[in-house]
Amino acid sequence: MSPNLLELAGVGKCFVMHLQGGVELPVVAGVAFSVAPGECAVLAGPSGAGKSSILKMIFGSYRCDHGSILVRDGADVVDVAAADPRRILRLRRHVIGYVSQFLRVVPRVAAIDVVAEPLIVGGIAPAVALARAGDLLARLNVAPRLWMLPPATFSGGEQQRVNVARGLLPDLPLLLLDEPTASLDGENRAVVIDQIAEKKRRGVAILAIAHDGDVRSRIADRLIDVTRFAAAA
Amino acid sequence: MDDDAPLLIAEGLSKSYGRRLGCRVVSFSIHEGEVLAVVGESGSGKTTLLQLLSGRLAPSAGRVRYRMRDDVTRDLASLGEAERRFLFRTDWGYVHQDPALGLRMAVSAGANVGERLMAVGWRHYGSIRRGALTWLERVEIDAGRIDDTPHTYSGGMRQRLQIARNLVTEPRLVFMDEPTGGLDVSVQARLLDLLRNLVTRFRLAAVVVTHDLAVARLLSHRIMVMKSGEVVEAGLTDQVLDDPREAYTQLLVSSILPP
């Protein structure tokens, strides 16, 4: 594998809906691209073109039906499309970060613990992890009085900031961002754009989805047109 | 949970009750720190599987191997009765849906927890009581209730006490049969949060039988979906729940009522 951190070849996905008489929903076919350290590639295309599905296949939360998804993990190269669950979980701890579109809240867990959790799971001392989580929440203008509360009762924008903080906090070599600035105001959008720039400077490979033209032009080094990978219906 | 050897390996486990099938050729392995959820509706064979894995029931075919504390992996069927009992008292936990099955209801909470310590050779009253207190605190039971019997506890407290009793000997593997079943939703959330933390902190391996997909999502790394005694689908928990492939799994996932 070249110096790329991520390399997709011939990736295809089709949902089969058994409860609807086995109807097939082709999502994408022949997806091929790569992302190198220190660059941000943005997936472009209309809603429904399969952008989020591609991110989810790379993260392993969707299965990949065809092709290979190679991710570099130190000296190893792992094919997510064929890796066993334990290997994928290890990639998530050490290589692949992911900011999903929505925060999946866990009852009773405080916002600051939600943000710090990936660091603690990655082996960082809880006190250090919590301090770093607090710093990032403060930068994203989440008021300290909210930190000890579970995010279930937060506004949409506050939840999204907790979600973004959770995804951006760990120092991982590959970052997948699904609309990280949606439902954020201008000030917080700027903070996230800064964070992304900072990650790039540190050599993180980033693959993002961003509908907002301004955000896109400020983070993208390169656009990948997803309509090229439209699956034949 | 990296490149270590598996803790428990199930190979082709089957169990039939006369002509009725309890469980058919189930194979998988589980590593330290890994939580496996077994989901499916009533009668799918989940509890039979749990009993086979924990040696409470003898399989009709197949075997279970377990890596003992001395790092030697042994066939459960080859263990003598004393060895099996020792395993149950030390390295394994078993959390029942009904805490009354896993607790001694007529003795104090402290004795319920301390009893497991005495079974592994603790003799000093003061240290046993301190060990019990530490665990009552970890499961968020007020120290002032240590001398009360579980009869006087609420359902949620009883379940937390059962967990303390199981974990006090620092087992590496815990079997849980519907651990949050029969509890109020708010009590469930507290218990789940507690279990999540304990599993991470003590790097426990766990096999959790549940019909509740939300419980599986919160607690487990991997999931096995069972139907009529067979595993119909298995994999990473979020992959199976977000992208279910089999008709039965799609039905289970689509049957969840949004709150």
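Here's the part I'm curious about: over how many bridges do strand S1 and strand S2 of chain B pair, and in which sense?

Modeller: Happy to, but keep in mind that this is a predicted model. In chain B, strand S1 covers residues 8-17 and strand S2 covers residues 20-30, and the two pair in the antiparallel sense over seven bridges. If you want one of the residue pairs to look for, take Lys15(B), whose bridge partner in S2(B) is Cys23(B). The two strands form a hairpin with two residues between them, and there Gly18(B) takes a positive phi near 60 degrees.

While you're in chain B, have a look at how it meets chain A. The contact involves 20 residues of chain B and 15 residues of chain A. On the chain B side, the elements that give two or more residues are helix H7 (185-201), strand S10 (230-236), helix H9 (237-242) and helix H10 (247-254). H10(B) supplies the largest share of that side, with four residues. Sorted by class, the chain B side has eight charged residues, six polar and six nonpolar.

Now cross over to chain A, where there is an open sheet of four strands. Its order is S2-S1-S4-S5, with antiparallel pairing. Strand S2 (23-35) and strand S5 (76-79) of chain A are at the edges; each has a single partner strand, so one side of each has no neighbour in the sheet. On average, neighbouring strands of this sheet are turned by 30 degrees against each other, ignoring direction.

Further in, strand S1 (residues 6-17) of chain A is joined to S4(A) by five bridges, and the two run antiparallel. Here you can follow Glu7(A) to its bridge partner in S4(A), Leu70(A). Ser68(A) also sits in strand S4 of chain A, which spans residues 66-73. Ser68(A) has 16 other C-beta atoms within 10 Å, so it counts as partly exposed. Leaving aside residues up to four places away in sequence, Ser68(A) touches Ala9(A), Gly10(A), Asp79(A) and Ala81(A). Glu7(A) comes back into the picture here: Ser68(A) and Glu7(A) are 61 residues apart in sequence, yet 8.0 Å apart in space from C-alpha to C-alpha.

Last stop, the helices of chain A. Helix H3 (residues 111-121) and helix H4 (residues 126-139) of chain A pack at an angle of about 130 degrees, with their axes 8 Å apart. H3(A) and H4(A) are therefore oblique to each other, and H3(A) passes H4(A) in a right-handed crossing. Residues making this contact include Ile112(A), Leu119(A) and Ile120(A) from H3(A), along with Leu130(A), Leu136(A) and Leu137(A) from H4(A). By class, the contact of H3(A) with H4(A) has 11 nonpolar residues, one polar and one charged.

H3(A) also meets helix H6 (residues 156-168) of chain A, where the axes come within 7 Å and cross at roughly 25 degrees. That angle is why H3(A) counts as roughly parallel to H6(A). The crossing of H3(A) with H6(A) is right-handed. H3(A) brings Ala111(A), Val114(A), Val115(A) and Pro118(A) to this contact, and H6(A) brings Val162(A), Ala165(A) and Arg166(A). The contact of H3(A) with H6(A) divides into six nonpolar residues, no polar and one charged.

Methods: Residues are numbered from 1 along each chain as its sequence is written. Chains are lettered from A and ligands numbered from 1 in the order in which they are written. This is a predicted model: local features need pLDDT of at least 70, side-chain atom pairs count only at pLDDT 80 or more; totals for chains, interfaces and linings use all residues. A residue is buried if 20 or more other C-beta atoms lie within 10 Å of its own, exposed if 12 or fewer, and partly exposed in between; C-beta atoms are placed from the backbone. Two residues are in contact if their C-beta atoms, placed from the backbone, lie within 7 Å. Ala, Val, Leu, Ile, Met, Phe, Trp, Tyr, Cys and Pro count as nonpolar, Asp, Glu, Lys and Arg as charged, and the others, Gly among them, as polar. Axes are lines fitted to C-alpha atoms, for helices over the stretch in contact, and angles run from 0 to 180 degrees between N-to-C directions. Angles under 35 degrees count as roughly parallel, over 145 as roughly antiparallel, 65 to 115 as roughly perpendicular and the rest as oblique. A crossing is left-handed if the near helix is turned anticlockwise from the far one by less than a right angle, and right-handed if clockwise. Two strands pair if DSSP finds at least two bridges between them.
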